[in-house]
Structure formats: structure tokens, C-alpha cells
Amino acid sequence: MSMAATRPARRFTLNRALPALTGLGTVVVFFLLMELAIRTNLLSQFIVPPPSEIIASFPRVIVEEHVLNRFMLTLGECLAAGVMLTVVGVSLGVLMQRFKLLQQACETWVAALASAPVVLCYPLFLVIFGRNAWTIIMMGFVAGLPPVILKTLEGITGVRRVLVNVGRSFKLTESQQFWKILFPAALPNIFVGIRLGLIFALINVVGVEFLINFGGLGQLINELAERYDLAGTYAAICFVVLVSVLFFMAVEKAERWLTRAE
Amino acid sequence: MNAPLQNPSDILVVDDVVVRFDTPEGAVTAVDHVSFGVRQGEFLSVIGPSGCGKSTLFNVIGGLLGHTSGTANVAGETINGPHPSIGMVFQEESTFPWRNVTDNVAFPLELIGMPKAQRIERARHFISLVGLDGFENRYPNELSGGMRQRVSLARTLASEPKILLMDEPFAALDEQTRLLLGDKVLQIQQQLKQTTLLITHNITEAVQMSDRILVMTYRPGKVKRIVDIDLPRPRTSDIVGSEAFGRYVAQIWADLREEASRGMRDEEKTMMGAKS
Ligand SMILES: Nc1ncnc2c1ncn2[C@@H]1O[C@H](COP(=O)(O)OP(=O)(O)OP(=O)(O)O)[C@@H](O)[C@H]1O
Ligand SMILES: [Mg+2]
């Protein structure tokens, strides 16, 4: 939708870059203010290290702590959880829309699960899957599942009646009706669910890595914090942010490709 | 009154159709023993006050809604579900927002498995027919309401229905757009010799376009009268100023006013009833 609105303004490249530049500028200004506050002892540097120190710690974290390997590990876990929650979540949402009884039986507790602190179940997952990447992936998957199910359900239920009637008037079969009308009409909603699901998954993946001291960036953050390497901890957190940024860019690309291209 | 309404050669025959809805307040008869026929190539309008059962009739003929009794036939076949001979254009906006204009219009061609290159060419033909050249690659959200209705029309025309069935397709548009689109529809109808059944509550629109107008009564929806419109063709919206046109409008307005005021009284009574 926003694509269309900006189309006539394509000539003004500055206009298009402005939001991104403003965002970047805000971050820079925030860092400068932090630096200033810490330098003037307004904030204790034993609580927050100055941004310059965090930046300086990057080479060390990359070389000595193998942050790139850990980054790939966390990225891979999130990817696995993301693929699983998309496939399973959308399928379950579709099933619940198809079978009224299933929806009436499950919708409430799926919604309840969405706000439950699933991360507290990690000991259970440890017992089931062992202390390995699967525990982490499954935690992320379970935590991110409810919003995908709910948004898929909402999206398909909310398809305008007249579009369904257009399909009926063209005598679509049931599977055509789903693939050619219900599903594409629900896609924007489904993507909202996937975005939310990915946020939950990422939080839980890193959280469980931290808790069970295993795997990627979460474990690294845990170790660095225990060594009281504050600058390094924050540098590692920057990589978590990077994972989330990458995922959002990928989802946005996928959405644009699916909703616009034929 | 029923006898002259139908003809053995009619392509669409609606015979004694009744539609009753069960509501918590009891049964509501929306369409009451309606009979009429549509001749090959003709433009027939159904006009009636709001709530008289026009959309209900539209849905029955389109096969989207079952009826309580009576029969409806198209090209000799009973309607009991959407019929391939009938193409519907809906009152609400019904383009697919995830497809551009070409892919919207090519939709019915895709369903019959026409190869891509060929269906794009066919789609172009219908896009240009409704006057949307140059907008082939636009998406519905980049078009005005009138243009979107033209996309819906082109999409239905692309399925080459024997009968084009339209339910107040221009109701949501302003008067000027409505008149100009009316011209467009007339022009297409003449060009394709398209049998058309238009549902409307706009008298000017009905008189401008139709060969015959079927006037419905307000609740229960019955056939009040069928008026032959003897105005020369080809017609455009210019005809709206002529004297003969004015006479037809006045005649139909007289019929409708009676029904509409009965409807208003009826609704007021219901509201009073609800209050006490
Ligand atoms: N599904 C339904 N259940 C119960 N009553 C219905 C239903 N659909 C329509 N009706 C009733 O049938 C009557 C006719 O409705 P319909 O929509 O056919 O009117 P209409 O002539 O198309 O009106 P408008 O010009 O406002 O579109 C109305 O009184 C309406 O309340
Ligand atoms: Mg209606």
C-alpha cells in the first residue's frame, strides 16, 4: 500500500531516503547523548559503558569471542523456528477456520497462550529435547505460534463476503476458492501474525540460550556479563538487534513479493 | 398480468419465484411470486424502492441464494447454483486488491486454463472496451471507485456470459461518473449485443439504458408493471434532456413514489412498534 503512495515521488530520492536517514540520525544523537551523560558522570559507567567503548570492543568480540559463528547459530535457530511457525501456524489457522468446532474449542486458549510466559517452560523442553539446539528452536517456535494462528484465522474469517461471492459466481472449486481468493485476501493479516511470531521467537531463542547457557548470542551475552565485560555484552546485544533487523527485511521482501508479483 | 411477461424464446425465465427469510421476528417475504423473462440481446432493468428485494432477486438468478418456490431457467437449464451463462457484477467493490488490472480481468480466463500470452491479450481487449487503456499494470488501490467498477465489469465480460447481471454497479458513484459509465455500458452492450439485466433504484439510469423496465413493489417485492421504453438507439446521456425521456421518468416515478412512501410508512410503523 505504501509503495503505491510513494510511486509518483520516485524522482525525489532524498524524500525516499529521508525516513531511514532520520532513523539513523536519531540513533547517532542518542549515542552521543549517552556518551555525554557518562563522560559527565551523570550516568555511572559501571552500569552503562560509553558507546565509544562499545564500538571499540567490536574487534575483540569478533576475533576473540567468535561472535560471527554465534551470530550464524542464532540466525539459523531463528530461521528454523520462523519457518516452522509459519508453516504450522498458518496451517492450524486455516484448519481452525475450516472446522468451527476446532475454532470454538481452541481460540480462547491459543489467545491465552499468546500472552503466557512460555519461556518459563524451558526445563520441560530441556527434558524432552536435551540440551541442544532443538530445545532452543522449539521454545522459539512454541512462543511464536499463537499470533500466527490467530492472525491467519482472523484474516481468512475477515475476507469480504463479496469477494467470496465473486469466486462462487465464477464457479471456483473449493481449493481454487481457497488459493485464489481466501488466501491472497488474508495474506496481509497473515504477515502481521508472522512478524509478531518472529519477535516472540527471537526473544525466546536468545532468552533460552542465555538461560541454559548454550549455543549462540544468548550464551555469549551470559558469559560476557558474568565476566563483567560490559562493553562486550552490549556489543553482543548489537548482534541480536542485527538478527532481528535481517528478519524484518526478509519478511518485508517476502510480503512484497507475495502480495504484488504474479 | 403474468401472461405477456414471458416468451418461449426468452433466454432467462423467472417463473413465480418466492423467497422467504426466516428471521427472529418471523418470516419475511422478500420476493413474492415474481415472473418475467429476458429476451436475447435485450437490456432489462429492474427498479424498485430500497429494501424491496432487488438484491435478493439478483442473488437467486446468480445462483448464490436458494429460493423458496418457483423456478428460474437460463438457456433452458434450471438455476440451482451459479450458472456459467450468467456473469455477475456486484454492488460492492469487488476487484482483487492483490492483482493488477490485467490479472483481475484475466481471472476467468485463467480459470479455463487459457495460456498466459493469450489471456493477457484477451484481457487487454476487455480493458480497452471499458476504457481503461494505460492502466493495465495498476493495482486497484491506485484507481478511483468508478475505475474499479469498470475493472469488475471487464472481468465479468471476459468470461463472456450469455447474460450480464448487474446489481446497482454504480450506486456508490457520483451522478456525473454514473452517467458517463452508463454511456460506456450502453456502448458495450450494443457492441457485444450483450443481454443485460440491470438492477437499480435510479430512474434516469434505467430509462437511459433499458429496452424494458420492470418496476417492483415495496415489501413484499412483486412485479408492479413492465414498461417498454420506446426511445431511439443508439442512446447517450444526451437523451436525458428530451421530452419523451421526461415522460417515461415521470411515469415510473409516479409508480415508485407510491411504493416508496408505502415503504416509509411501513418502516416508521415498525420503528414506532419497536419503541413502545
Ligand atoms: N439474509 C437475510 N435474512 C433476512 N432478511 C433478509 C436477508 N436478506 C435480505 N433480507 C430482507 O429482504 C428484504 C429485501 O432485501 P434486499 O437486499 O433484496 O433489498 P434491495 O431491494 O436490494 O435493497 P437496496 O436497494 O437497499 O439494496 C429486506 O427487507 C431485507 O431486510
Ligand atoms: Mg440491494
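**Chain B: overall dimensions and pairing of strand β1**

Chain B has 276 residues and a radius of gyration of 19 Å, which agrees with the value near 19 Å for a compact globule of that length; the radius is taken over C-alpha atoms, and the globule rule is 2.2 Å times the number of residues to the power 0.38. The model is predicted, with pLDDT of at least 70 needed for local features and 80 or more for side-chain atom pairs, while totals for chains, interfaces and linings use all residues. Residues are numbered from 1 along each chain as its sequence is written, chains are lettered from A and ligands numbered from 1 in the order written, and side-chain values use heavy atoms, without hydrogens and water.

The C-alpha trace of chain B spans about 60 × 45 × 45 Å along its principal axes. Of the 276 residues, 52% are buried (under 20% relative accessible area, 1.4 Å probe, protein chains only). The accessible surface is about 12200 Å², and carbon and sulfur atoms contribute 51% of that area (Shrake-Rupley method, 1.4 Å probe). Among contacts (heavy atoms within 4.5 Å) with a separation of 6 or more, 70% link residues 24 or more positions apart.

Eight helices and ten strands are assigned in chain B (DSSP runs of H or I with at least four residues, and of E with at least two). Strand β1(B), residues 12-23, runs antiparallel to β2(B), residues 26-38, with nine bridges between them; pairing requires at least two DSSP bridges. A hairpin of two residues connects these strands. Strand β1(B) is also antiparallel to β4(B), residues 69-74, through five bridges. L12(B) stands opposite V38(B) in β2(B) and has V74(B) as its bridge partner in β4(B).

Note on methods: Buried < 20%, exposed > 50% of the residue type's maximum accessible area, 1.4 Å probe, protein only.
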